[in-house]
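Open your viewer and get ready to click through a few stops. Each stop tells you what to select and what to look for.

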Amino acid sequence: MAKNHGVDALDARIIALFTDDPHVGVLGASRTLGVARGTVQARLDRLQERGVIRSFAPHVDPAAVGYPVTAFCTLEIRQRQGHGPVVAHLSAIPEVLEIHSITGVGDLVVRVAARDNADLGRVIDEIIDDVHVLRANTAICLVTHLEHRTGPLVEAAAAAGTESA
C-alpha cells in the first residue's frame, strides 16, 4: 500500500502557484494550470481540511514593521509543571514569533524579533521573568541566508508520492 505523503504533483503545482502569486484566485489558477476551476477549488479545500495548507494569511516581515533584529533564545525550564506555563508566558510577549520544544541542550527554542539590541535586552528580560525559566542562552541572527520555505519540501513530497504509487 502506498504511503500518503499528503500531496501529489497537481497539489504541488497548486501550492507553488498560490505561494508565488497569492492573488491569483481559483479561476486564474485553473487557467494557469490548465485544469478545471472546480478541480482547483476541490484540491484547495482538501489541502486545507487535511492541514497541508494552514493559511492564506499574509506573510509579515518583522523588519518591515520596525523589528529588524532576530534572535534565537534557548531556554532551560523547570519541567515539573510541563511546558504549558512557560509557553503561556512566552505567548503573551508580542516579540516572540515561534516557540519549539527541542532535544539536546535546553528545553525550548524561541525566535524573537526586536527593534534594536537594547530592545532585545528588554525582550530577553521579559522572557526570563518567569519562575519556570531557569536559564536563557541567546544568539543574535546576523544574516538570514535562507528564509522559511516549504516549496522544495512540497515538491519532494509530491515526487515521493508519485514514486510509491
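Is F18 buried or exposed? Select F18 and look: F18 is buried, because its relative accessible area is 12% and buried means under 20%. Keep in mind that this is a predicted model.

**Stop 1: the ring pair**

The structure holds one aromatic pair. F18 and F56 form that pair, and the arrangement is edge-to-face. The ring centres are 5.9 Å apart, with 70° between the planes. Why two numbers? A pair of aromatic rings is described by the distance of the centres and the angle of the planes.

Now trace the chain. F18 sits in helix 1, residues 9-20. F56 is in the loop between helix 3 (37-49) and strand 1 (69-77). The pair links distant parts of the chain, 38 residues apart. F56 is partly exposed, with a relative accessible area of 45%.

**Stop 2: a loop residue**

Select E95. Find it in the loop between helix 4 (84-91) and strand 2 (96-101). Is E95 buried or exposed? E95 counts as buried, because its relative accessibility is 9% and the cut-off is under 20%. Next, show its contacts. Leaving aside neighbours within four places in sequence, E95 touches Y67, R111, V112, A113, R122 and V123.

**Stop 3: another loop**

Select H148. This residue lies between strand 4 (133-140) and helix 6 (151-164), in the loop. H148 is exposed, because its relative accessible area is 69% and exposed means over 50%. H148 and I77 are 27 Å apart in space and 71 residues apart in sequence.

Key: Residues are numbered from 1 along each chain as its sequence is written. This is a predicted model: local features need pLDDT of at least 70, side-chain atom pairs count only at pLDDT 80 or more; totals for chains, interfaces and linings use all residues. Side-chain values use heavy atoms; hydrogens and water are left out. Helices (H or I, at least four residues) and strands (E, at least two) are DSSP runs, numbered from the N terminus. Buried means under 20% relative accessible area, exposed over 50%, partly exposed in between (1.4 Å probe, protein chains only). Rings of Phe, Tyr and Trp (its six-membered ring) pair if their centres lie within 6.5 Å; planes under 30 degrees apart count as stacked, over 60 as edge-to-face and the rest as tilted. Contact means heavy atoms within 4.5 Å.
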